Structure formats: C-alpha cells, structure tokens
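Open the model in the viewer and keep the sequence panel beside it. The stops below can be selected one after another.

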Amino acid sequence: LYSSNDILPGVHVLGVDLGGNAKTEATTALQAGWQDGILLQDGDRQWRIDAQSLGLYLDVEATIDAAYDEGRSSGGTLKAVFGNVDVAPKLQIDLSQTRAQLHSLVSLVDLPAVNAGVRLVNGRVQASPPQEGRILDVDATVAILQQDAGRVLADGVLELVMIPVQPTVFDSSPMVAQATQLLTNPLEIQAFDPITNETLFWLLTPAEWSQWLVATPNTASPTGLSLTLD
C-alpha cells in the first residue's frame with residue numbers, strides 16, 4: 001500500500017472517500033463531490049450549498065497531491081491505512097463573496113425565539129413553553145473560514161456560528177383563563193376578493209387557531225402580558 005500509486009485507504013477530502021484510488025480516479029471523485037456542494041450545519045439542521053457561491057475555489061491538483069502524501073510524507077501512516085483521516089483541501093476564498101452569501105442565507109437559517117403562549121390539549125387550554133431562538137453570526141463564521149478554510153472544511157461541512165436569542169415571555173400561565181374564554185369558539189376569517197366580487201370564508205377550529213396565540217409583554221395589563229395572534 002505504502003509504495004503503490006494509490007491514495008491510502010483511510011483518506012477523505014471534503015467528505016469524499018478517496019482511499020484506494022489512483023490520482024486520476026481520485027480527481028474525478030473529488031470534482032464530482034465538489035460540484036455537489038458543501039454542507040452548512042447548525043446542530044441537526046443542514047443545507048447543501050454550491051461552494052463557489054460561498055466564494056470558495058478548489059485547487060483540485062494540489063488537493064489530490066496532499067491526499068496522496070497523507071500517511072507518506074505527511075500525517076500518520078497507520079491512521080491513513082487503518083483509520084479515517086480528513087485531509088484539508090487546498091482552497092482560495094473570496095471573503096467579500098462569502099460574507100455576502102451568508103447574509104443572503106440569514107432568513108433561511110435563523111430561528112426566531114418564540115414566546116410562551118397557550119395551546120389546546122384534549123379540549124383544555126394549557127400554557128405552552130417558550131423556545132430559544134438562534135441567529136447566524138456572519139462575522140464569526142467568516143472569521144473561522146478566514147483563519148483556515150481548508151481545515152474547517154476538511155470533512156465538507158461548515159459549522160455555522162449561531163447566537164442564541166432568548167424569548168421575552170417565559171411564562172404565559174396568567175393568560176390561560178383569558179385564552180380559555182377565547183377558545184370556546186372557532187375562528188372565522190373573511191377575505192374579500194374585489195376582482196371577483198367574492199367573499200371567502202375560512203373556519204378554523206379552536207385546536208387549530210390556538211396555535212397562533214402567543215403572550216407578549218404589556219405593562220398596562222394587570223398580568224403584565226397580553227395575548228396576541230402570530
């Protein structure tokens with residue numbers, strides 16, 4: 001194995017298994033994997049994105065050379081033969097393009113915080129828990145790529161740097177009584193279409209529209225809260 005013309009068995013680049021391939025076959029596999037894009041990841045959420053749209057440009061020949069050298073003139077031989085090793089790709093990065101593309105993805109990856117609210121469970125109104133949100137930290141994500149994009153993306157995954165965002169209402173239990181009174185009836189929405197001169201009706205059961213009720217701070221209210229529709 002060591003003296004052959006093949007990349008050692010445990011070598012991966014950008015999540016692509018190049019082990020056991022000669023440089024020509026490895027080049028084809030790496031190019032195909034690069035065209036498939038890289039993964040942006042936030043916990044268990046993932047999005048695949050074209051790498052060049054993120055300002056990333058791969059030097060395929062130099063990357064294949066590095067993959068071949070892994071376990072020979074660099075890295076550990078035993079790990080490259082018997083284990084799994086991610087070799088850093090040789091990348092050029094356009095940071096201004098990276099920053100612009102990440103900003104364009106904010107609406108996709110951000111998770112707004114959700115205030116505590118109410119919900120209807122088996123016909124009874126209960127307080128629903130708040131949910132912490134997360135927003136993309138573009139500057140911090142760009143910074144880790146600027147430091148060493150190849151090492152960061154060795155496995156083909158970019159872990160996004162996210163900032164936790166806290167909800168403003170953590171306990172909606174004071175609103176349960178008010179919600180109970182509201183949710184005795186279905187909600188009818190009327191929409192008028194002036195082109196067809198038609199009025200449309202949408203009837204929602206209490207179980208359905210209870211999911212829209214959230215609590216918001218209201219200093220004028222005795223409970224300090226108000227129920228609103230999201």
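Select tyrosine 68 and arginine 72: the arginine lies over the face of the tyrosine, at 4.1 Å from the ring centre. A charge sits over a ring if NZ of Lys or CZ of Arg is within 6 Å of the ring centre and within 35 degrees of the ring normal.

This is a predicted model, where local features need pLDDT of at least 70 and side-chain atom pairs pLDDT 80 or more, while totals for chains, interfaces and linings use all residues. Numbering runs from 1 along each chain as its sequence is written, and side-chain values use heavy atoms, without hydrogens and water.

Next, select strand S3 (residues 38-42), which pairs with S4 in the antiparallel sense over five bridges. Strands are DSSP runs of E, at least two residues, numbered from the N terminus; two of them pair if DSSP finds at least two bridges between them. Within this pair, glutamine 41 stands opposite glutamine 46 of S4.

Last, go to the lining of the largest pocket, to which strands S8 (117-121) and S15 (213-217) each supply at least two residues. S8 gives the largest share, three residues.

Technical notes
Helices (H or I, at least four residues) and strands (E, at least two) are DSSP runs, numbered from the N terminus.
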